[in-house]
Amino acid sequence: MGVPLVCHGHSRPVVDVAYSPITPDGFFLISASKDSVPMLRNGETGDWIGTFEGHKGAVWSCSLDKHAMRAASASADFTAKIWNALTGNELHSFEHKHIVRACAFSQDTHRFLTGGMEKILRIFDMNRPDAPPKEVGTPPGSIRTVEWLHSDNTILSSCTDTGDIRLWDIRSDKIVQTLETKFPVTSAEVSQDGRYITTADGSSVKFWDANNFGLVKSYEMPCNVESASLEPKNGNTFIAGGEDMWVHRFDFQTGEEIGCNKGHHGPVHCVRYAPGGDSYTSGSEDGTVRIWEVNTVNHEEKESNNLSGHVKLVAEEVVRKAESLRITEKATEAAK
């Protein structure tokens, strides 16, 4: 189903991808790889914009702030780094005492959340990056994923070796809810409208109500999946990728598979929908990032559709010009 845009550049497996929201300059895509060099691309075309150089170990997680002005990365070199997304310069390096597996900017961009092998959730103040971070809660294991929700008053985290998602109120420092899963959660996403939390654990994709925390949907996948993402505009489809190397697309209401993208040569580690819902991206063990258009037709059809569209536009332009000529002629007649 469809020919993807294949984005080369990483020399090792791609383990995380993240989109910016839509900005006045378009939207952007960042990828994290075990090659230690996060990459920034145009989110629509996949065109390479730049690389962020400075890590000395695998990069496990990446994030863009809502303006796409700053990028962040979490690494096996015991640091999380903040970068200027326009120049590629390192703005700050937050030292940790073990591998950092996950990072996320707050929605208001003023805070930065990290988690990893230290089993500590840390919140750094982006306005005072040298100040000591706030430490939240006591997760039961090494942290795999982190996200912000509820206007940055709640954070969620999952662990590498135990099931469940834990939600922490950062004002009270208490767990407000535990979402129970059978296996460790390898991917967690808060939907663009804030309504749902999408999780992948084992071979299951689950959707939770982000406000009352009830389980809304749970679907068994064809294989173990590592990542899942809900379509952001209407929430009527979702994608999942995992060990069978394919990116599967499903109907949200029924769980029926409605598409399957084949092309990766290794397990799919991460999938995310673009902010407009027109495309989605996948990162794989094979070192590539692939961008898939929703409802892609093959190249021949695409070109012919573009051609017929072009012909139609030209025809409309001719009609418009003829109309304006007629109006001019009428005006001239009247003037006589």
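## Conventions

Two strands count as paired if DSSP finds at least two bridges between them. Strands are DSSP runs of E with at least two residues, numbered from the N terminus. The model is predicted: local features need pLDDT of at least 70, side-chain atom pairs count only at pLDDT 80 or more, and totals for chains, interfaces and linings use all residues. Residues are numbered from 1 along each chain as its sequence is written, and side-chain values use heavy atoms, with hydrogens and water left out.

## The sheet

Strands S27 (residues 279-284) and S28 (residues 289-293) run antiparallel and are joined by 5 bridges. Within this pair, Ser282 lies opposite Arg290 of S28. Both strands belong to an open sheet of 4 strands with antiparallel pairing, in the order S1-S28-S27-S26. Its edges are S1 (5-7) and S26 (268-273), each of which pairs on one side only.

## Strand S26 and its hairpin

S26 pairs with S27 through 5 bridges, again in the antiparallel sense, and Val271 stands opposite Ser282 in S27. The two strands form a hairpin with 5 residues between them, and Gly277 in the turn has a positive phi of about 80 degrees. Of the 6 residues in S26, 6 are buried (under 20% relative accessible area, 1.4 Å probe, protein chains only).

## Cysteines

The structure has 0 disulfides, a disulfide being a pair of cysteine sulfur atoms within 2.5 Å. Cys260 is buried at a relative accessible area of 17%. Cys159 is also buried, at 1%.

Conventions:
Buried means under 20% relative accessible area, exposed over 50%, partly exposed in between (1.4 Å probe, protein chains only).
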